[in-house]
Amino acid sequence: MTRTTRIPGALAGAASIAVALASGLALAGCGKDSRAERQGLPPATGSGAPPLPVLPALARAEAPAATATASRSTGTLLPHAEVAVVARASGVVTELGVEVGARVRQGQVLFRVDDRGAALRLAQAQTQLAAAELQLRTADTEFRRAKALFEQQAVTQQRWDQASAELEAARVGVAQARNGVAVAGKAVADATARAPIAGVVVARPIALGDYVSDAPPTRVVVLQDQATLDLKFRLPEQALASVRTGDPIRVSLPALAASRTASVSIIAPSVDPRTRTIELTAVLDNRDGALRPGLMADVALAAGSAP
């Protein structure tokens, strides 16, 4: 049988008081130790304080230089003209006589599409035209005969009207046949693509034997006129007060270690509201082929062109 020991109330109260006194003495001892430790530390500031660490000196950031001033700027060379020659007839490419980098003259054949179907349709249209012309001659002969007989009152008004209608129908048939020949002839001509401008082949995404379409048209050859190059550059809007078309400029090409002279040919009619700059264009002679589109150029206006 378990016996339960009961502590009298007086003894329990005494035990609680003893525990509280022990806790208070312990806290007082900790407080004395903490104050002692703080008294042994040097002061944070004033005499006797340790020196502060030396921080490395930072270089002062300079303001970025402007990309363009009233007399100097940087521009880019662009082709004077660029043309994408597309297929105007659907079919397989049977001839492709140009490579990337080749120089072509205006009117030179660039590629041909299989035109055998178009040639057959042209021959058929020409046969139909011949038949229509024969019918016109027959109708004209009948009309003349009916006219002579009608004047002699040998045929009725109905026969005269019929001969006139047959002649007019024959004329319409000839016109229609000629239109058919023209359409078929255009289809044959569209199978052969010629260079619209003289220039350099800069892209040829199609190979011999590929199928091309005219709807949507397939890009076959891309030409650039590089005999002259357009130099595009920008100046602050304040330059409008002094720069005029025809002003001379000095063009430096860092990539080629070369320089050229040119003149301002176009001043844009509006100012870019985001950059507050105006675009100018100069034309550079490149008949020697030394320059390439895309090159960066440093531009300097001649003395007196800018304020």
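**Ala-81 and its surroundings**

Modeller: Leaving aside residues up to four places away in sequence, Ala-81 touches Ile-197, Leu-223, Gln-224 and Asp-225. The model is a predicted one, and Ala-81 belongs to strand β1, which covers residues 72–86. Its relative accessibility is 26%; because buried means under 20% and exposed over 50%, Ala-81 counts as partly exposed. A further relation across the sequence concerns Gly-199: 118 residues separate Ala-81 from Gly-199 along the chain, while their C-alpha atoms are 8.8 Å apart in space.

Turning to the sheet, four strands form an open arrangement in the order β5-β4-β2-β7, with antiparallel pairing. The edges are taken by β5 (192–194) and β7 (211–212); each has a single partner strand, so one side of each is left without a neighbour in the sheet. Strand β4, residues 109–113, is joined to β5 by three bridges, and the two run antiparallel. Within that pairing, Thr-192 of β5 is the bridge partner of Arg-112, and Val-109 stands opposite Arg-194 in β5. Strand β2, residues 91–96, also pairs with β4 in the antiparallel sense, again over three bridges. Here Glu-95 stands opposite Arg-112 of β4. Strand β4 is mostly covered, with four of its five residues buried.

The buried residues in α2 include Ala-118, Leu-122, Ala-125, Leu-129 and Ala-132, together with Ala-139, Phe-143 and Ala-146. An α-helix has 3.6 residues a turn, so residues three or four places apart point the same way. Part of the cover over the buried residues of α2 comes from α3 (157–190). Just after α2, Gln-153 adopts a positive phi of about 60°.

As to confidence, the chain averages a pLDDT of 84, and 76% of the residues score at least 70. Where pLDDT is low, the predicted coordinates should not be read in detail.

Notes:
Residues are numbered from 1 along each chain as its sequence is written. This is a predicted model: local features need pLDDT of at least 70, side-chain atom pairs count only at pLDDT 80 or more; totals for chains, interfaces and linings use all residues. Side-chain values use heavy atoms; hydrogens and water are left out. pLDDT is the predictor's confidence in each residue, from 0 to 100. Buried means under 20% relative accessible area, exposed over 50%, partly exposed in between (1.4 Å probe, protein chains only). Contact means heavy atoms within 4.5 Å. Two strands pair if DSSP finds at least two bridges between them.
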